[in-house]
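Hi everyone, thanks for making time this morning.

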Amino acid sequence: MSEKVGVYICHCGTNIAGTVDVEAVAQWASEQPRVAIARDYKFMCSSLGQDLIEADIKEFGLTRVVVAACSPNMHEKTFRGACERAGLNPFLFEMANIRELNSWTTNNRRIATQKAKAQIMGAIERVIYHQPLEPIPVTINPNTLVLGGGIAGITAALELANGGHHVYLVERESSIGGHMAQWDKTFPTLDCAACILTPRMVEVGQHPNITLLTYSEVESVEGFLGNFKITVRKKARFVKEELCTGCAICEEKCPKKVLDEVFEAGLSNRKAIYLPFPQAVPKYPVIDVENCTYFVRGKCKACQIMCPPGAIDFEQRDEILQIEVGNVILTTGYKTFDPNRIPQYGYGRLANVFTSVEFERMVNASGPTAGKILLRDRTHEPKSVAIIHCVGSRDENFNEYCSRVCCMYSLKFAHLVRERLPESEVYNFYIDVRAAGKRYEEFYHRVMKEGANFIRGRVAEVTDVARTLDEEGKLVVQVFDTLFGAQRRIPVDMVILSVGMEPRHDAREVGQLFGLGCDSSNFFIERHPKMDPVLTMVEGIFIAGACQGPMAIPETVAQAAAAAARVISFIGQGTIMMEPIKASINAEQCSGCRICNNLCPYKAIIYNEDQKASEVITALCQGCGTCVAACPSAAISGAHFTRQQLMSQIEGLLWDVREAELEHV
Amino acid sequence: MSDTYEPVIIGFLCNWCSYRAADLAGTARLHYSPNMRPIRVMCSGRVEPDLVLKALREGADGVLIAGCHPGECHYIEGNLKTLRRYELLKRMLSQFGVEEERLQIIWASASEGSALAEAVDRMTERLRVLGPLRWHETVIQGNGHLSAEVEMGITADPVTEEV
């Protein structure tokens, strides 16, 4: 073969050159057959490094290029670009990852150098068999699916819709608003959560570019960037949306009371037909079939009889909707840590132990106690309140991570308790106070000045077993005070557990639906933690907000807007180029056994009766190569990962071993 | 040749999980055995038996296939396809007189750099105990019979299965 290969070895400063003898490798490479030129350079990815490649392609007439540097996930595009600019098809290039997969993993210079040579030899042997490929143009459907109607989804949907693009906002609950709608005040500014959220909810409800699908769930996802086909189940509300005026007479007349465990966190009741909260968007109520007297016993229909426009429809069925979108933004949010998992804190056993969610509802003027801070008996006010930080967070038994919001909302609670009950004592039990955010530290100081007590130490136990007279009838918080260096017992009337944030219980299933990975805590994984925080590994699927990891409202809003901006950028491009890594079938070689037909996870291979052979629908093929590996006739070829390419790479990777072995034999 | 025997492993890493795990191991400067020589494939499902046999024939002492965790495959279930082939292939290799541990499959998600690094370490140590494969002697000249050492039970107990 008369290919002329250029080999470039990057020092990456000392990142590679510190471990791999790059000069020796370059010298060695230049002596290999078919290598026309081999160079080492300080930073191949710099414009000077790229110029070097471009100049060599032109000067030496290189037909193949190998760059040994960092991960292809980092700079494959960069070097493909350099090849292209010099007139070489970008797929006639191969990268050897001698940084992440070599120099960074060892201090052994000899072995690292040897491994680098093997990796480069693998790349040289492989690149010889590369074929020029052309990217495949894909048109981008300008519609977007936003999944999850909390503050993240609301923000993303509005950004897109205001930019003139159609959005399907799908929300599982009967109203958008998410967790933020439950909260009272937001730290550190103390503005009321509903006051800043509800105008945006209303905007979503009225926006001509937003199709709001509440009480709906995504059932299946097909397709790829630019062309997703999504099946949505719109669950029956048993209320005709086109007739309902939102007058709420049905709710008033419904005789069945049900404990509201979602929005009011179990502190008050709702009806069997209900709006989750007064400012709900859309304004249509929903019938809870598990508790509705008609659905349980077959009798009642009070709501139907009383409904002025006759909007109640007990026969309503779930609707299955097909929507087509180009991009998806997942804003599925989080759930709070269940404190029942830490029995020593007494939640559920000791009446006056509350979760932070319960306290938020209680302290909210529209909540179950109209904003009064009361003990579980609903009559007495606490004279002392303990706030326990890091419940379920920074704890290797539960979640190792910091939930990032608990310190600040605990400080907010301390402020609110002191504001509503000026005579009371407040104790914050903390490990560290993490007040890293704009005006957060100032808020911390303000709360300290207001007279809240701070005790540093993880609480061991909350108990009602008194040891002294002072402790009689109180909850006692037992803690080792790490600043004081001693065990302390603090008797209080009320304990608030500042529970952390966790992924939704079905985050993994939702991830699988869209082909996403989750990290070990079940939060969705972003493409790059720093440089690409809202795109996922799946092109066209973005994430924003607390489904990616614990975060507060400002970061959530910023991420949602960022995801929307990324989507708008794709929509603006209209057509994007997709990697031409696709399978193809040689019809003459195909025996028509159809093994591949069933193996393909995308149903991209069909059997052509006329030709008596299978064929690949290129638009559906995702390039995994499973069919290539399975074909008993070797009739399927996977572009850029052909059998010849991989076999040659193996030979190259083992060049030194093979030589040694042959000597041995 | 150096004094200590360094086994050579060919590692097939899928683009979406295990290659990124390997990237992460490097980025996190996790030091592990440099004995694995990586090949990137789009999916572990692309790893056909021919590639494994080729690697062993060309002088590798072992082959590591790394994919996404079951249920997390970027291509839905390519890793399960490879798992099926792996079971069959392992049986075939042992009929050739190749120790089972020379072919291993592991799952490493993109966030599990340490899992991948540990697997490479473990496999390297195991192969060090087994010694060189010497395909030409073991399989071609040995005609499928295990070496005398193995038959006499001198080698250590088989490691527990990886998956």
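For the complex, the predictor reports an ipTM of 0.88 and a pTM of 0.81. In chain B the average pLDDT is 86, and 85% of the residues score at least 70. One stretch of chain B to watch is residues 148–163, where the pLDDT is below 50. In the model that stretch has 15 contacts beyond near neighbours in sequence. Where pLDDT is low, the predicted coordinates should not be read in detail.

Now to chain A. Which order do the strands of the open sheet take? There are four of them, with parallel pairing, in the order β2-β1-β3-β4. At the edges stand β2 (35–41) and β4 (93–97) of chain A, and each has a single partner strand, so one side of each is left without a neighbour in the sheet. From one strand to the next, the twist averages 15°.

Let's look at one pair. Strand β1 of chain A, residues 5–10, runs parallel to β3 of chain A, residues 64–69, and five bridges join them.

Then the helices. Helix α3 of chain A, residues 72–85, packs on the sheet and touches β3 and β4 of chain A. The direction of α3 makes about 150° with that of β4(A). Helix α4 of chain A, residues 109–127, lies across β1, β2, β3 and β4 of chain A, and runs at about 155° to β3(A).

How values were computed
Residues are numbered from 1 along each chain as its sequence is written. Chains are lettered from A and ligands numbered from 1 in the order in which they are written. This is a predicted model: local features need pLDDT of at least 70, side-chain atom pairs count only at pLDDT 80 or more; totals for chains, interfaces and linings use all residues. pLDDT is the predictor's confidence in each residue, from 0 to 100. Two residues are in contact if their C-beta atoms, placed from the backbone, lie within 7 Å. Two strands pair if DSSP finds at least two bridges between them. Helices (H or I, at least four residues) and strands (E, at least two) are DSSP runs, numbered from the N terminus. Axes are lines fitted to C-alpha atoms, for helices over the stretch in contact, and angles run from 0 to 180 degrees between N-to-C directions.
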